[in-house]
Amino acid sequence: MMATTNVTGSGAQTNTFQRLLCSPLWVGESKQQSLSFLTINIFLSITATLGNCIILVALHKESSLHPPSKLLYRCLATTDLLVGLVTQPLYATYWMSVVHEHWSLCRYARDASYISSYALCGVYLLTMTAISVDRLLAMLLGLRYREIVTLRRTHIILAIVWVVCVIAGLFTHLSYRLSLWCSFIITPSCLVIPIASYANIFRALSHHQAQIQNHVQQQPSQPSALNMARYRKAVYSALWVQLALVVCYIPQFTVAIRISLGKYRFSKFSIINGVANVLVLFNSTLNPFLYCWNISEVRRAVKQTIRLAICYA
């Protein structure tokens with residue numbers, strides 16, 4: 001039994017922790033927990049794949065959403081789909097190799113799952129940040145919004161995001177410590193920018209509501225009132241997805257800090273790390289339900305898709 005491991009230097013600590021993830025000293029004593037993680041990852045892989053396939057089909061059919069906004073949600077759903085198709089099977093392979101003590105396969109699965117999860121989580125975080133900025137621009141630009149936020153520009157931004165995150169994911173294999181410090185910079189930035197964006201949005205909405213109350217005699221036109229209602233609904237839809245992201249990602253961010261800064265390891269720390277990873281990956285299963293709950297256009301398209309699937313089955 002290894003109760004603790006004392007290492008010095010943050011670089012040595014993070015590298016030691018990575019080696020211990022595929023060591024009989026660290027995980028050989030937790031086969032039952034490893035089997036549980038294996039089962040959970042297989043289940044979440046199936047649910048994330050099915051749920052996001054349905055969302056992508058529904059978004060393809062839906063034409064009432066603004067094209068750049070729809071593209072951003074399609075990017076989120078694609079990222080979640082790849083989590084279900086690539087990252088979670090790799091994590092399942094990792095836990096299976098732990099159960100059967102195949103340490104060579106364990107190391108390959110660990111590295112591959114970490115690279116894919118790092119890249120896809122980076123895409124997801126940056127896309128969610130782009131959605132919050134998109135909602136803010138819709139408020140600030142008004143009628144100029146559709147001229148400035150175009151489908152072509154959104155494609156270019158997302159292409160850059162994917163290229164940067166895939167390259168960053170590949171670099172994590174070279175330096176785990178470097179990837180941690182990049183996470184410490186990117187993750188808070190992807191939380192601060194949306195917080196600032198939504199704060200400005202709600203301040204503007206509050207100001208708009210005050211203007212309406214102060215000018216009761218001058219009622220806004222029906223199309224303007226309808227657009228503001230739709231905008232408010234779109235903001236709350238994006239905000240719910242953002243809150244789910246924060247809840248699912250904060251534990252993993254906390255564990256990453258503990259890995260980087262702490263000097264002692266206790267024998268169950270790999271289990272805590274596994275739980276934090278599962279929570280991050282669970283976000284990919286949760287999101288399709290949030291889209292259906294908050295976005296009426298998507299909910300309607302999903303119902304039609306499921307109805308057609310049942311008819312053809």
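1. Arg-135 has a relative accessible area of 10%, which is under the 20% cut-off, so this residue counts as buried. Its side chain meets that of Asp-134 in a salt bridge, with 2.9 Å from N to O. Asp-134 is also buried, at 6% relative accessibility. Both partners of this pair therefore fall under the 20% limit. The model is a predicted one, and these values are computed from it.

2. A salt bridge also links Asp-111 and Arg-110, where the closest N and O atoms are 3.1 Å apart. Arg-110 is buried, with a relative accessible area of 13%. By the rule used here, the count of salt bridges comes to two. Side chains of opposite charge can pair when their charged atoms come close.

3. Helix α3 covers residues 67-99, which makes 33 residues. At 1.5 Å a residue the helix should span 48 Å, and its end C-alpha atoms are 46 Å apart, so the two values agree.

4. After α3 comes Glu-101, which has a positive phi, near 60°.

5. On the surface there is a nonpolar patch formed by Tyr-236, Trp-240, Leu-243 and Trp-293. Together these residues have about 450 Å² of accessible area. Which helix gives the most to the patch? Helix α8 (residues 222-261) does, with three residues. An α-helix has 3.6 residues a turn, so residues three or four places apart point the same way.

6. Trp-293, another member of the patch, is found in helix α9, which runs over residues 269-294. With a relative accessible area of 53%, Trp-293 is over the 50% cut-off and therefore counts as exposed.

7. For the fold as a whole, the protein chain has ten helices and two strands. From the N terminus on, the order of elements is β-α-α-α-α-α-α-α-α-β-α-α.

8. The protein chain has 313 residues, of which 49% count as buried. Among contacts with a separation of 6 or more, 83% come from residues 24 or more positions apart. The chain exposes about 16100 Å², and carbon and sulfur atoms supply 69% of that area.

Notes
Residues are numbered from 1 along each chain as its sequence is written. This is a predicted model: local features need pLDDT of at least 70, side-chain atom pairs count only at pLDDT 80 or more; totals for chains, interfaces and linings use all residues. Side-chain values use heavy atoms; hydrogens and water are left out. Helices (H or I, at least four residues) and strands (E, at least two) are DSSP runs, numbered from the N terminus. The expected span of a helix is 1.5 Å times one less than its number of residues. A salt bridge is a side-chain nitrogen of Lys or Arg within 4 Å of a carboxyl oxygen of Asp or Glu. Buried means under 20% relative accessible area, exposed over 50%, partly exposed in between (1.4 Å probe, protein chains only). Patches are made of residues with over 30% relative accessible area and no salt bridge: like charges are joined within 9 Å, nonpolar side chains (Val, Leu, Ile, Met, Phe, Trp, Tyr) within 5 Å. Accessible areas come from the Shrake-Rupley method with a 1.4 Å probe; for residues, only the protein chains shown count as cover. Contact means heavy atoms within 4.5 Å.
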